[in-house]
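The following exercises concern the structure shown below. Each task is followed by a solution in steps.

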Amino acid sequence: MDMERVQAIAFSFMTEGRIPPEFIRSEKEQPAITTLHGYDPQIPTIDFSDPDEDSLTSLIAEASRDWGMFQIVNHGIPTHVINNLQKVGEDFFALPQEEKELYAKPPDSKSIEGYGTRLQKEEEGKRAWVDHLFHKIWPPSAINYQFWPKNPPSYRDANEAYAKCLRGVADKLLSRLSVGLGLGEKELRESVGGDELTYLLKINYYPPCPRPDLALGVVAHTDMSAITILVPNHVQGLQLFRDDHWFDVKYIPNALVIHIGDQLEILSNGKYKSVLHRTTVKKDMTRMSWPVFLEPPPELAIGPLPKLISDDNPPKYKKKRYCDYVYCKLNKIPQ
């Protein structure tokens, strides 16, 4: 085990009304101080079933430029498929600790797959109030079933069913985002790896926290991915940074939350914005989320697309292999 799991810490500290000092954020991060209430600009909600492709493209491109985050409804993934994904994830985190540890990320692993607690280097030894499980769900050649729980028994079926549905959503998103940049429908998908584009699932588990005013589930960050497609549970927690303030992102039942990631910002040469976001926690409720990160193959070099740069619009980003980008980001090394 890389460190004590937050789920166990939450259980032992709940009656004390305090949290260990390594979880207490600085005043510039504490959600009780930094969250703006009373004025909540709502991120765009887009009807993904809109038959007018021009209108849909325009709405998605505008949201990606102006917000870097939006929600889609009527996306075509059946409610029972999402419910089953959530149920097996909840059941996994309800297992005895020793059973969850069977899927722990190996200490010497260069991959982030597996059950764990710490993901990236944190300043001043601070910790986030979250445990997680990472594993790839697509393509089949990238899947390592070592990290897919065997208990609950329906875990594999539920994840495979979700992956099958999600691919259609991802392809449609990438085509609309591509056309929104003035490119052909398939150009953006090919630029992030085509059929080798990897779908990395993360289950975030945020247990009840005795001092939610002082802690964060996940600190402020942008996603390394091209796009992130997220299923939340009903517990509020996702926040977006905009106009120098942190705002709650309203939970919409059965919606998918879409984040523009770093690789899409780079490919678009800054036209689409990778969104700065974080997660807060609750005192008496467990929050969970199921983001899937659409990631380029590790060796693929990502840089601004040639069609989107010119003398008047020179490249704003370096071209870099995705594996090198990830290493720098996780270790807080300037890109």
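**Exercise 1: the cavity**

There is 1 cavity of 30 Å³ or more, a cavity being a set of points on a 1 Å grid over the protein atoms alone where a 1.4 Å probe fits but cannot get out. The model is predicted: local features need pLDDT of at least 70, side-chain atom pairs count only at pLDDT 80 or more, and totals for chains, interfaces and linings use all residues. Residues are numbered from 1 along each chain as its sequence is written, and side-chain values use heavy atoms, without hydrogens and water.

Task: state how much space lies in the largest cavity and which residues line it.

Solution. Step 1: the space amounts to about 70 Å³, a volume being the space filled by probe spheres set on the points. Step 2: the lining residues (an atom within 4 Å of a point) include Gln71, Pro232, Leu238, Tyr251 and Arg287.

**Exercise 2: helix H4**

Solution. Step 1: H4, a DSSP run (H or I, at least four residues), spans residues 79-93 and reaches 22 Å from its first C-alpha to its last, close to the expected 21 Å. Step 2: its buried residues (under 20% relative accessible area, 1.4 Å probe, protein chains only) are Val81, Ile82, Leu85, Gln86, Val88, Gly89, Phe92 and Phe93.

How values were computed. Helices (H or I, at least four residues) and strands (E, at least two) are DSSP runs, numbered from the N terminus. The expected span of a helix is 1.5 Å times one less than its number of residues. Buried means under 20% relative accessible area, exposed over 50%, partly exposed in between (1.4 Å probe, protein chains only). On a 1 Å grid over the protein atoms alone, a cavity is a set of points where a 1.4 Å probe fits but cannot get out, and a pocket is an open set with protein on both sides within 12 Å along at least five of seven lines; lining residues have an atom within 4 Å of a point.
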